[in-house]
Amino acid sequence: MSSAYLLVSHGSRDPRPEVAMQQLAKLVCNKSPNNYNPSSSEHLVGIAALEMSPQPLHEQIQLFAKSAFGDCPLSQNENRLKIVPLFLLPGVHVMTDIPAEVALAQQAIGQDIMIELQPHLGSHPNLEKLLAKQISTIKAEAWILLAHGSRRPGSKETVEAMAASLSAVAAYWAGPPSLESQVKELVAAGYREIAILPYFLFAGGITDAIAASIEELKLQFSAVNFRLAQPLGASAELAELIWDLTDR
């Protein structure tokens with residue numbers, strides 16, 4: 001049996017997330033129990049984007065399948081293409097959009113290559129340990145876990161649970177409660193050292209906007225010391241979680 005792996009991110013007009021995705025794909029390759037051989041179809045790892053790409057995701061999946069397995073695949077059910085959504089929340093993209101694109105790709109490819117949709121990154125139980133590691137490097141009296149947010153009902157529960165496990169409060173970039181409103185509550189409660197952990201994969205346009213908003217908060221609350229942590233980023237530890245998801 002031959003397997004290939006496609007890491008799917010949201011996509012961005014900012015070039016930094018794609019560079020980070022390429023780095024992460026190489027790190028995931030290194031997690032393979034067999035040495036990665038570019039001339040072999042076994043344990044190939046590629047990247048794709050749900051949005052901001054010239055081609056829709058189902059076409060990207062088809063192209064990657066062709067490059068991974070060639071025009072002469074093995075007999076039926078011996079080729080596996082595993083799709084790993086690198087999304088942190090079980091929002092509309094994870095629960096609706098990506099499954100629909102995978103179904104279109106499977107229909108176009110046929111049954112010679114079986115496409116398997118793996119759990120999304122945010123569902124991994126050890127993700128909390130990665131975030132806790134980042135928190136441990138910064139001294140603060142209070143933490144805010146700042147996620148993007150989702151319009152899908154129930155998606156906030158994941159962020160709330162993660163924030164609680166990290167002894168933080170949750171805020172959302174695209175919905176209430178906002179970063180500013182949570183800062184106001186913490187300041188009113190007497191906190192003067194507040195750190196913000198962006199619950200995002202990589203640096204990009206949104207993390208730049210978060211940094212800018214924190215500069216404005218510094219002017220509004222001059223007696224408060226604000227610290228901004230980094231997003232997850234491409235790391236061997238994150239690659240380990242992703243590789244683990246390929247077996248679930």
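Visitor: In which loop is Met52 found?

Guide: Met52 is found in the loop between β2 and α2 (57-69); helices (H or I, at least four residues) and strands (E, at least two) are DSSP runs, numbered from the N terminus. A word on the ground rules: this is a predicted model, in which local features need pLDDT of at least 70 and side-chain atom pairs count only at pLDDT 80 or more, while totals for chains, interfaces and linings use all residues. Residues are numbered from 1 along each chain as its sequence is written, and side-chain values use heavy atoms, leaving out hydrogens and water.

Met52 has a phi near 60°, a positive value in a residue other than glycine. Met52 is also partly exposed, at a relative accessible area of 43%. On this scale, buried means under 20% relative accessible area, exposed over 50%, and partly exposed in between (1.4 Å probe, protein chains only).

β2 belongs to an open sheet of four strands with parallel pairing, in the order β2-β1-β3-β4. The edge strands, each pairing on one side only, are β2 (44-49) and β4 (113-117). On average, neighbouring strands here are turned by 25° against each other, direction ignored. For such angles, axes are lines fitted to C-alpha atoms, for helices over the stretch in contact, and the angles run from 0 to 180 degrees between N-to-C directions.

The partner of β2 is β1, which it meets in the parallel sense over six bridges; two strands pair if DSSP finds at least two bridges between them. Val8, for example, has Ala48 in β2 as its bridge partner. Helix α1 packs on this sheet, touching β1 and β2, and its direction makes about 155° with that of β2. Contact here means heavy atoms within 4.5 Å.

As for Leu7, its contacts include Met21, Ala25, Val28, Val45, Ala48 and Ile242, not counting residues up to four places away in sequence.

Let's follow β5 and β7 to the other sheet. Four strands form this open sheet in the order β6-β5-β7-β8, and their pairing is parallel. β6 and β8 (225-228) stand at its edges with a single partner strand each, so one side of each has no neighbour in the sheet. Neighbouring strands of this sheet are turned by 25° against each other on average, direction ignored.

Inside the sheet, β5 and β7 pair in the parallel sense over five bridges. Along that pairing, Leu145 has Leu197 as its bridge partner in β7, and Trp143 has Ala195. β7 is joined to β8, again parallel, by four bridges, with Asn225 in β8 as the bridge partner of Glu193. Five of the six residues of β7 are buried, so this strand is largely enclosed by the rest of the structure. Helix α7 (residues 205-220) lies across β5, β7 and β8, running at about 175° to β8.

Ser167 lies in the loop between α5 and β6 and has a positive phi of about 55° although it is not a glycine. Ser167 is exposed, with a relative accessible area of 65%. One more loop deserves a glance: Pro177 is found between β6 and α6 (179-188), and the peptide bond from Pro176 to Pro177 is cis, with omega near -10°.
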